[in-house]
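This report goes through the structure shown below, from its secondary structure and overall form to individual residues.

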Amino acid sequence: SNLISNRHGDDENDNDDNDDNCVPAPVTLVITNVASTPSDISAMITWMTNASSTSKVFYSTSTPVDVNSSSTLNVSNASLVTNHSLMISGLTASTTYHFVVASTDASNNTTFAPETTFTTTATPVVVDITPPIISATSTTASTSTISVTWLTDELASSKVFFSTTTPVDLNASTTLSVETTTLSLSHSLILSGLIPSTTYHLIIASTDASGNPAFSPEISVTTNPTDTTAPVISSVFATISSNSVMFTWLTNESATSKVFYSTSTPVNVNSTSTLNVASTTLLTNHSITIPALTANTLYHFVISSTDASNNTQITNEFNLTTLP
């Protein structure tokens, strides 16, 4: 016969020693280079395989990790790769976790790596290094005070350095200041005991709860000159009854209210024995009632108002007779 049998299926004319019909031996799936990179609440797990395969990590705070239990926590990715990477999230800080990595190739062969562990890091401490932002600064001066207000974008203390010289030396023990350690967003301080008609230089300071200080640019404010002008009394009206008289009047600035009265004239406003009714509240609209008067009697009245600078205006006498 001219036929030559090749028992191994090798083509006798291909000049090689290989059996063309033999099936290659299956590749055993091997896991290597398992590594973990934990943070405080997560961990990145990486490994390599010698053949394309899926990725899965079983993990637990107890050992051994039961890879056959449906309740065992796990993360996975079905993509066939040789470089594997999975993120485990939602972990607890400063905690040791046990984990097992598993990969399954296209032929459904699964390999597990030995159990290993990682420990999450401690919760990081967030340090505030940002000072508050000072804004909306405002000043209001009188003859002897300066009111200072401002806002901050976070809770902070309140302090104002002030001096009649410039620049204001924040480090000098002689530099005057007022402050409150109460933390707030809206700030208000009053500088008192100042000299009239004097320019003061101010620096606002606020420090947050983390100790970060903020300072405003220097602000210059001049106190008002000494007030030597008494208030002007106008629009005096009297409402008379048989046993009382009510006086109302206006002043052109905030001032006290006082009415002296007597059945004799002139009314001695300098005598402590002269009857009077008074209010120390500073107002521009005044009202005073004199009670317990005698009916059908002539009384003499003098109105007085004193402003915040102790300037006093006294009216002429008003002569009124109570009703019968």
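Strands, which carry the letter E, are DSSP runs of at least two residues and are numbered from the N terminus. The model discussed here is a predicted one.

## Overall form

The protein has zero helices and 18 strands. Its radius of gyration is 47 Å, whereas a compact globule of 324 residues would have a value near 20 Å. Along the principal axes, the C-alpha atoms fill a box of roughly 165 × 55 × 40 Å.

Of the 324 residues in the protein, 33% are buried. Among contacts between residues at least 6 apart in sequence, 63% join residues that are at least 24 apart.

## Surface and charge

The accessible surface of the protein comes to about 18700 Å², and carbon and sulfur atoms account for 52% of that area.

## Aromatic pairs

A pair of aromatic rings is described by the distance of the centres and the angle of the planes. Searching the whole structure gives seven aromatic pairs. In one of them, the ring centres of Phe247 and Phe318 are 6.2 Å apart and the planes meet at 45°, so this pair is tilted. Phe247 belongs to strand E14 (residues 245-262) and Phe318 to strand E18 (residues 318-321), so the pair ties together parts that are 71 residues apart in sequence. The two partners can also be described by their accessibility: Phe247 is buried, with a relative accessible area of 1%, whereas Phe318 is partly exposed, with a relative accessible area of 28%.

The rings of Tyr299 and Phe301 also make a pair, with centres 6.2 Å apart and planes at 35°, so this pair is tilted. Tyr299 and Phe301 are both buried. Together with Tyr261, the residues Phe247, Tyr299, Phe301 and Phe318 form one aromatic cluster.

Ser287 is placed in strand E15 (residues 275-290) and counts as partly exposed, at 46% relative accessibility. When residues up to four places away in sequence are not counted, Ser287 touches Met246, Phe247 and Thr248, and Phe247 is also a member of the aromatic cluster described above. Between Ser287 and Thr130 there are 157 residues of separation in sequence and 54 Å in space, taken from C-alpha to C-alpha.

Ser157, by contrast, lies in strand E8 and is buried, with a relative accessible area of 15%. Since the limit for a buried residue is a relative accessible area under 20%, the value of 15% puts Ser157 in that class. The C-alpha atoms of Ser157 and Thr181 are separated by 4.8 Å, although these residues are 24 apart along the chain. Thr181 is also among the residues that Ser157 touches, again leaving out those up to four places away in sequence, and the others are Thr180, Thr182, Leu183, His187, Ala205, Ser206 and Thr207.

## Backbone details

Most residues other than glycine have a negative phi, and most peptide bonds are trans.

Definitions and conventions: Residues are numbered from 1 along each chain as its sequence is written. This is a predicted model: local features need pLDDT of at least 70, side-chain atom pairs count only at pLDDT 80 or more; totals for chains, interfaces and linings use all residues. Side-chain values use heavy atoms; hydrogens and water are left out. Rings of Phe, Tyr and Trp (its six-membered ring) pair if their centres lie within 6.5 Å; planes under 30 degrees apart count as stacked, over 60 as edge-to-face and the rest as tilted. Helices (H or I, at least four residues) and strands (E, at least two) are DSSP runs, numbered from the N terminus. Buried means under 20% relative accessible area, exposed over 50%, partly exposed in between (1.4 Å probe, protein chains only). The radius of gyration is taken over C-alpha atoms; the globule rule is 2.2 Å times the number of residues to the power 0.38. Contact means heavy atoms within 4.5 Å. Accessible areas come from the Shrake-Rupley method with a 1.4 Å probe; for residues, only the protein chains shown count as cover.
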